[in-house]
Amino acid sequence: MSLILFAFVVRVRDGLPLSASTDFEHNRELQERKQQLRTISKALAHFPDRGTIKGQELNIYFISSEGVSYMTVCHCSFPVAKAFCFLEDLHWEFTACFNSNVVALAARPYPFLEFDRTIQKLKQQYNQSGGPALEVTLAEVQEDLRIHPPQVINLEEVEFTNGIANGHMEQGPGSGQNVRLEPVTASGILSLVLNIMCASLNVIRGVHLVEYTFQDDYEGIWSFMAFLLAFVCCVFQCHLYLFHSSQKKLKSFTLLTVIILCNLYLLGMRNVWQLIFHTSVASLSTILILTRKLQDRTNDCGV
């Protein structure tokens, strides 16, 4: 089984793909990691020169040097030090073939596809021998990683840094890449309609309650606040479903928790079935928010 599955070379300033290894494996997680590589490549200028992104079975590692970033997807059983040794070797091989002026002038994606042969040789060397030829190099990298460990990067932070807004990413010059959220499904439309219904019920009940409260006494002000807060949370759930946002998981669970707490507080003003309806709609919306992923439309140029 190959431990190094994919390698990718990009220009740091704009994420322009320079070269990549030919992909002979087509498992689902590898395709997801390749999409993430392209997303990460757009934000490299905002991150340190060395980083890692953890996955279920496959991890992403990258180093950046002299305006070029070298990225790889490896199996989680592959030692981190050996992965960074591979990237260092890739770096030296690339700089030996192409100078910085040629890289800076590149205008189209994958201008150095011929470098794929060098990448394949390095991959084969590491996959067969399990590491670099020189043990002293591995020892040096291990020591360097111990002193300066690579930054562990959260993909949602990358997407936020990368400037994704309203479910879209701006297309960089020469990148050929466009990222957006998956299309809205029928269940998503249903959840939006139900959420709008719940928001409307909350604001109607709240308005009626505040009229009664100001005419009589102020004891019901907290119930009014609960209706208002539930209304705001319903609106934000619709927003989270329709538009991309960083830390989506944290925000969606926070909204769900607040809606449940508000409805529990209003239990005396709502019966059990109304409570179940509102919490069920909020739960459905949360599930759909978390399952609506980014889609990546990329011109792979046959790589």
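## A tour from the inside out

The lining of the largest cavity is made up of five nonpolar, two polar and two charged residues. Here Ala, Val, Leu, Ile, Met, Phe, Trp, Tyr, Cys and Pro count as nonpolar, Asp, Glu, Lys and Arg as charged, and the others, Gly among them, as polar.

Before you click on, a word about what is on your screen. This is a predicted model, where local features need pLDDT of at least 70 and side-chain atom pairs count only at pLDDT 80 or more, while totals for chains, interfaces and linings use all residues. Residues are numbered from 1 along each chain as its sequence is written, and side-chain values use heavy atoms, with hydrogens and water left out.

**Stop one: the cavity.** Select Leu181, Leu240, Tyr241, Phe243, His244, Ser245, Lys248, Ile289 and Arg292, the residues that line it. The space between them has a volume of about 40 Å³, and the structure has one cavity of 30 Å³ or more. On a 1 Å grid over the protein atoms alone, a cavity is a set of points where a 1.4 Å probe fits but cannot get out; a pocket is an open set with protein on both sides within 12 Å along at least five of seven lines, and lining residues have an atom within 4 Å of a point. Points are joined across faces, edges and corners, and a volume is the space filled by probe spheres set on them.

**Stop two: Gln237.** Now pick Gln237, in helix H8 (residues 221–242). Helices (H or I, at least four residues) and strands (E, at least two) are DSSP runs, numbered from the N terminus. Is Gln237 buried or exposed? Gln237 counts as buried because its relative accessible area is 1%; the cut-offs are under 20% for buried, over 50% for exposed and partly exposed in between, with a 1.4 Å probe and protein chains only. Leaving out residues up to four places away in sequence, Gln237 touches Asn195, Leu255, Leu256, Ile259, Ala282, Ser285, Thr286 and Ile289, where contact means heavy atoms within 4.5 Å.

**Stop three: cysteines.** How many disulfides are there in the whole structure? A search finds zero, a disulfide being a pair of cysteine sulfur atoms within 2.5 Å. Cys233 is in none, and the nearest cysteine sulfur, that of Cys262, sits 6.0 Å away. Cys233 is buried at 4% relative accessible area, whereas Cys97 counts as partly exposed at 45%.

**Stop four: the second largest pocket.** Select Glu66, Val68, Asn99, Ser100 and Val103, which lie nearest its centre among the 14 lining residues. About 160 Å³ of space lies here. Strand E5 (68–75), helix H2 (80–97) and helix H3 (100–105) each supply at least two lining residues, and H3 gives the most, with three. By class, the lining has six nonpolar, five polar and three charged residues.

**Stop five: Asn59.** Go to strand E4 (residues 58–65) to find Asn59, which is buried at 5% relative accessibility. Show Ile53, Lys54, Thr72, Val73, Cys74 and Cys76 too: Asn59 touches them, not counting residues up to four places away in sequence. Then draw a C-alpha to C-alpha distance to Leu30, which is 29 residues from Asn59 in sequence and 9.6 Å away in space.

**Last stop: zoom out.** The protein chain has ten helices and eight strands. Of its 303 residues, 48% count as buried.
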